[in-house]
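Here's a quick tour for anyone meeting this structure for the first time. Take a look, then read on for the main points.

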2 protein chains.
Amino acid sequence: MNLRERKKRRTRDALLRAALELFATRGYEETTVDDIAAAVDVSQRTFFRYFAGKEETAFFVPRLAETLVVEALRTRPPGEVPLEALRRAVLESWDAINEAVEELVPIDLHMRVYRVIESTPALLAAHLRRSAELEEQLAGIIAEREGLDVDADPRPRIVVALFGGVIRVTERLWSAGDDVTLDGMRELTTTYLDQVGPALAGNWRAEQSP
Amino acid sequence: MNLRERKKRRTRDALLRAALELFATRGYEETTVDDIAAAVDVSQRTFFRYFAGKEETAFFVPRLAETLVVEALRTRPPGEVPLEALRRAVLESWDAINEAVEELVPIDLHMRVYRVIESTPALLAAHLRRSAELEEQLAGIIAEREGLDVDADPRPRIVVALFGGVIRVTERLWSAGDDVTLDGMRELTTTYLDQVGPALAGNWRAEQSP
DNA sequence: TTGTCAATTGTCAGTGGCTGTCATTAGCCT
DNA sequence: AGGCTAATGACAGCCACTGACAATTGACAA
């Protein structure tokens, strides 16, 4: 890697970390792009040459995670039923995610930023849209696994939508709770995914007092 | 109603219609608030006294619809299983929605704006966040119906998440397709909701060639 | 090593969404 | 009719973001 390339990488990482640190401590809306640029001592214009917008810094790490989930699903054995493949892909990609994230920013900082995303309306909106795009990708992979046409058969998109819904509920509760750790997330996720069947089944009132 | 009140209502409606018309023809991003204000011949500042932001005009009608869905779910007979109650609430509220919308803006204009929402990233993001908030409300109602505590039992949020996922997939396909009518939507929705069971069940490849 | 070329950066000016302030206007009520 | 209050317009300013141009800095060949 060139000196030039190395310099660029350093500047980008510095901007990223400065932005995330500011978001986590001061809040997203309370942080201006000028603040971020000033923290790294570059011009505002330079910031926008590295990131398409303020938002992009907040989602730089999540984007990495998404890539790894997609990859994990792609390498799932074809024998698994769709919902099973999704579940295992997500659960098993977290270790790789953690590792990849740590290379870029302290995992603790990422966790704090994650809470900011969930609690900042503008970021939550962006997060949900990104999730929708991810689900579209996953549906495509599921369809391929099953040898179906995504646009002809609704089932791939539906399972993924169901799955995505559960994941989002989980994420929200996890980020709002106290146990903001990897294991906490894993536990919550498995618990909630196990509830999908029961939740769809009939009378809850009958079940709940055995 | 006062002359003053009537005048305000007229101004608000004029701004709303002008905005939606511009969004539908020129596109959301291509429409400035100044354009909207100019179309009604008021100052930009006045626009912001009626709407919190440009976005709010686009979601004024959808907000109405959401209110009616919530209302419909509240009046569902307690005998219905959660997923059934949600399904019927949505399907049966559309007539009321259509009627209420027509009072405000031509239904055709609303449909065109809907497509703009689905195809404009910033609006889609906002739409998804609003949907998440709606789902939170619906989960609360479901929990109440079943005599559960939303924060203790995950099932209410999960069914609603599943349901919401299917609805969103349906909305997207509907707005992207040709049959952008009420009946088209109704049909798609029932079809897709009927796929929830099959989509969760095991091997699709075995099922698809009977 | 040096000179040339290309990439990176800073500066400046401008647009659009949005807000606070203050003077002006217009409807309301006695 | 005249005072009160609410609605409006005009103006200034903040912030995210973009285009254009000039200055700087690393890359690479002669």
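Let's start with a helix pair: M111(A), Y114(A), R115(A) and E118(A) of α7(A) are in contact with E171(A), R172(A), W174(A), S175(A) and A176(A) of α9(A), where contact means heavy atoms within 4.5 Å. Sorted by type, the residues of this contact are 4 nonpolar, 1 polar and 4 charged; Ala, Val, Leu, Ile, Met, Phe, Trp, Tyr, Cys and Pro count as nonpolar, Asp, Glu, Lys and Arg as charged, and the others, Gly among them, as polar. Helices are DSSP runs (H or I, at least four residues), numbered from the N terminus.

Some ground rules: this is a predicted model, in which local features need pLDDT of at least 70 and side-chain atom pairs count only at pLDDT 80 or more, while totals for chains, interfaces and linings use all residues. Residues are numbered from 1 along each chain as its sequence is written, chains are lettered from A and ligands numbered from 1 in the order in which they are written, and side-chain values use heavy atoms, with hydrogens and water left out.

**The two copies**

**DNA strand C**
- There are 22 residues around DNA strand C, and K8(A), T46(A), R49(A), R45(B) and K54(B) come nearest; to be near, a residue needs a heavy atom within 4 Å of the strand.
- The side chain of R45(B) puts an N or O atom 2.7 Å from a base oxygen of DNA strand C, a polar contact (a pair of N or O atoms within 3.5 Å; within protein, one must be able to donate a hydrogen and the other to accept it, and residues adjacent in sequence count only if both atoms are side-chain atoms).
- K54(B) uses a backbone N or O atom instead, 2.8 Å from a phosphate oxygen of DNA strand C.

**DNA strand D**
- Around DNA strand D there are 22 residues, with R45(A), K54(A), K8(B), T46(B) and R49(B) the closest.
- A base oxygen of DNA strand D sits 2.6 Å from a polar side-chain atom of R49(B).
- R4(A) has a polar side-chain atom 3.0 Å from a base nitrogen of DNA strand D.
- The surface near DNA strand D has 6 nonpolar, 7 polar and 9 charged residues.

Terms used:
Helix = DSSP H or I, 4+ residues; strand = E, 2+ residues; numbered from the N terminus.
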